[in-house]
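This report looks at one strand, its partners and the core around it. The model is shown below.

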Amino acid sequence: QVQLVESGGGLVQPGGSLRLSCAASGTIFKLNTMGWYRQAPGKERELVATITSGGSTNYADSVKGRFTISRDNAPNTVYLQMNSLKPEDTAVYYCNYRTVVRAGNYWGKGTPVTVSS
């Protein structure tokens with residue numbers, strides 16, 4: 001199994017920045033995709049950004065140019081640098097790990113981000 005632990009969430013003013021981290025432990029396959037999803041109150045969970053073990057990234061249109069996803073593969077850690085934060089970015093942010101091998105799909109417990117003045 002894989003365990004994901006997020007950190008770095010908190011309260012920030014509009015226009016500010018936060019850096020989220022997610023550490024993966026357990027049985028990690030070399031080929032995988034890690035990413036960040038978020039869920040605001042009353043809304044569905046949505047993709048924020050993903051990054052493959054090879055470094056290929058994908059971003060939601062709403063965060064392009066403001067957020068940057070990156071990772072270390074040893075140890076397996078994924079980061080989300082969030083700049084120019086907006087109130088609409090307020091949500092619980094969840095770390096995700098996926099593999100084709102064994103159809104793995106794991107989630108962290110989430111870290112809340114609140115953007116408010």
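Which residue is the bridge partner of Gly10 in strand 11? The partner is Val113. The model is predicted, with local features needing pLDDT of at least 70, side-chain atom pairs counting only at pLDDT 80 or more, and totals for chains, interfaces and linings using all residues. Residues are numbered from 1 along each chain as its sequence is written, and side-chain values use heavy atoms, without hydrogens and water.

Strands (E, at least two residues) are DSSP runs numbered from the N terminus, and two of them pair if DSSP finds at least two bridges between them.

| Partner of strand 11 | Sense | Bridges | Partner of Val113 |
|---|---|---|---|
| Strand 2 (residues 10–12) | parallel | three | Gly10 |
| Strand 9 | antiparallel | three | Ala91 |

Leu18 lies in strand 3 and counts as buried because its relative accessibility is 16%. Its C-alpha atom is separated by 7.0 Å from that of Gly8, 10 residues apart along the chain.

Leu80 touches Leu18, Trp36 and Tyr93, among others, again not counting residues up to four places away in sequence. Trp36, Leu80, Met82 and Tyr93 have the most contacts inside the largest nonpolar core, which has 28 residues. Such a core is a set of buried Ala, Val, Leu, Ile, Met, Phe, Trp, Tyr and Cys residues joined through side-chain atoms within 4.5 Å. Elements giving two or more residues to this core include strand 3 (18–26), strand 9 (91–99) and strand 11 (111–115).

Notes
Buried < 20%, exposed > 50% of the residue type's maximum accessible area, 1.4 Å probe, protein only. Helix = DSSP H or I, 4+ residues; strand = E, 2+ residues; numbered from the N terminus. Contact = heavy atoms within 4.5 Å.
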